[in-house]
Every structure is written in structure tokens, then in C-alpha cells.
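Please read them with the sequence and the coordinates open beside you.

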Amino acid sequence: MSANSAEPARLEVVLVKAGRTKIRYPAELLADDGNRIAVRAPWAGSGVRDFGFVRFEPGDVFTEYYWRDRWYSVKEVRAADGSVKGWYCDVTRPAVSSGTQLVVEDLDLDLWRSADGRDVRRLDEDEFTESGLTETDPQAASAAVAALDALEALAVRPDGFAELLA
């Protein structure tokens with residue numbers, strides 16, 4: 001960002017899964033302290049994605065937190081009216097930034113926490129098992145499971161992710 005510009009800094013978030021780019025989208029850089037990177041972006045999917053327990057849809061805004069030393073990301077999801085829907089967490093390898101790109105490798109495990117904290121769900125454990133990571137990279141698989149456990153431990157607390165994201 002130049003000193004004369006009011007334009008926010010932009011990054012391109014690149015989500016990779018099984019060696020392929022799953023999605024890429026532009027995001028506004030909110031903060032980067034050298035370890036944690038925070039960005040904001042509108043819902044980047046096409047149309048509505050209905051999980052049964054939450055719907056991601058046009059107008060939703062995601063404030064996303066990535067770490068260079070942690071095996072997960074946390075995304076606060078807000079509806080178009082500004083109300084918090086909840087937090088969607090991806091288990092990933094630590095984020096890597098290069099120039100204006102932020103690259104994150106998805107390891108299939110996910111976690112959802114509703115805005116009221118009553119609904120905490122571990123997701124896609126079957127996909128993780130089917131990925132074969134346990135056989136191909138046991139250390140990464142172990143780190144992924146530990147990350148999901150850590151996220152769940154935070155999610156069930158009354159204040160949820162408040163301290164982590166402060």
C-alpha cells in the first residue's frame with residue numbers, strides 16, 4: 001500500500017488440496033504480525049453452499065485468520081446484515097505467503113462452531129481417512145489431528161475463539 005493511496009492492501013488467497021488449486025480469491029489484508037495473517041473477503045463460492053447446519057451465500061463476509069506456525073485457519077462468517085453465523089475452521093499446513101499470495105494446503109479436516117456456541121461439529125473425518133495422509137505423511141497426519149483437537153477444545157469454551165482471534 002502506498003502512502004498516497006487509501007486502497008487497502010490486497011492478497012490472493014490460494015487454497016490447495018491434494019496438490020491442486022481448489023479455489024483462489026482476492027482478499028483485503030487486515031493485519032500481518034509476521035506469524036498471524038488476517039484477511040477479509042466476500043464469500044468466494046459460486047451461489048449458495050448449504051451444509052444443513054449453515055448456509056454460505058452471496059453477501060456473506062469472511063474474516064479469515066491464518067498462521068505461519070499453526071496447522072489450521074479460522075474463518076469468522078458473517079451474513080450480509082452483519083450478524084455472525086459462526087466460525088468455519090480448516091485444518092491446514094501452516095500458511096505460506098509469497099508476494100501478494102497466501103497459499104494454504106487443506107488437509108480435509110474441518111470444524112464448525114455456531115455463533116451461539118451450541119453447535120460444534122468435527123467435519124470431513126471420512127475424507128481425511130480416505131486421503132491416505134496417515135500412510136504418506138504420518139507426521140502431517142498427526143499434526144492435523146492434533147490441530148482439530150485443539151480447535152475443538154477452543155470451540156466448546158463459552159468465549160470460543162475470542163482469545164485466539166483478539
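**Notes on the predicted model**

1. On the overall fold, the secondary structure comes to four helices and eleven strands. The radius of gyration is 16 Å, close to the 15 Å that the globule rule gives for 166 residues, so the protein is as compact as a globular protein of that length. Along the principal axes, the C-alpha trace spans about 50 × 35 × 30 Å.

2. Buried residues make up 40% of the 166 residues, and the accessible surface comes to about 8,800 Å², of which 49% belongs to carbon and sulfur atoms.

3. Turning to the aromatic side chains, a search of the whole structure finds eleven aromatic pairs. One of them joins Phe56 and Phe62 in an edge-to-face arrangement, with 5.1 Å centre to centre and 80° between the planes. Both Phe56 and Phe62 are buried.

4. Phe56 also pairs with Tyr88, again edge-to-face, at 5.8 Å centre to centre and with 80° between the planes. This pair links distant parts of the chain, since Phe56 lies in strand β5 (residues 55-56) and Tyr88 in strand β8 (residues 84-92), 32 residues apart. Phe56 has a relative accessible area of 3% and therefore counts as buried, and Tyr88, with a relative accessible area of 9%, is buried as well. Phe56, Phe62 and Tyr88 belong to one aromatic cluster that also takes in Trp43, Phe51, Phe53 and Trp112.

5. Which side chain meets that of Asp106 in a salt bridge? The partner is Lys22, with a distance of 3.5 Å from N to O, and this bridge is one of the 20 salt bridges that the structure holds. Because Asp106 lies in strand β10 (residues 101-114) and Lys22 in strand β2 (residues 20-32), the pair ties together parts that are 84 residues apart in sequence. Asp106 is buried, with a relative accessible area of 5%, whereas Lys22 is partly exposed, with a relative accessible area of 47%.

6. Two further salt bridges deserve a look. Asp159 forms one with Arg157, the closest N and O atoms being 3.2 Å apart; Asp159 counts as partly exposed at 38% relative accessibility, and Arg157 is partly exposed with a relative accessible area of 30%. Elsewhere, salt bridges that share partners join Asp50, Arg55, Glu57, Asp60 and Lys85 into one network. Within it, Asp50 forms a salt bridge with Arg55, with 3.8 Å between the closest N and O atoms; Asp50 is partly exposed at a relative accessible area of 49%, and Arg55 is partly exposed at 39%.

7. Finally, is Glu130 buried or exposed? With a relative accessible area of 65%, Glu130 is exposed, because the cut-off for that class is over 50%. Glu130 is placed in helix α1 (residues 125-131). The C-alpha atoms of Glu130 and Asp108 are separated by 9.6 Å, the two residues being 22 residues apart along the chain.

Definitions and conventions. Residues numbered from 1 in each chain as written. Predicted model: local features only at pLDDT ≥ 70, side-chain atom pairs only at ≥ 80, totals over all residues. Heavy atoms only, no water. Phe/Tyr/Trp six-rings, centres within 6.5 Å; stacked < 30°, edge-to-face > 60°. Buried < 20%, exposed > 50% of the residue type's maximum accessible area, 1.4 Å probe, protein only. Helix = DSSP H or I, 4+ residues; strand = E, 2+ residues; numbered from the N terminus. Salt bridge = Lys/Arg side-chain N within 4 Å of Asp/Glu carboxyl O. Rg over C-alpha atoms; globule rule 2.2 N^0.38 Å. Areas by Shrake-Rupley, 256 points an atom, 1.4 Å probe, with all protein chains shown as cover.
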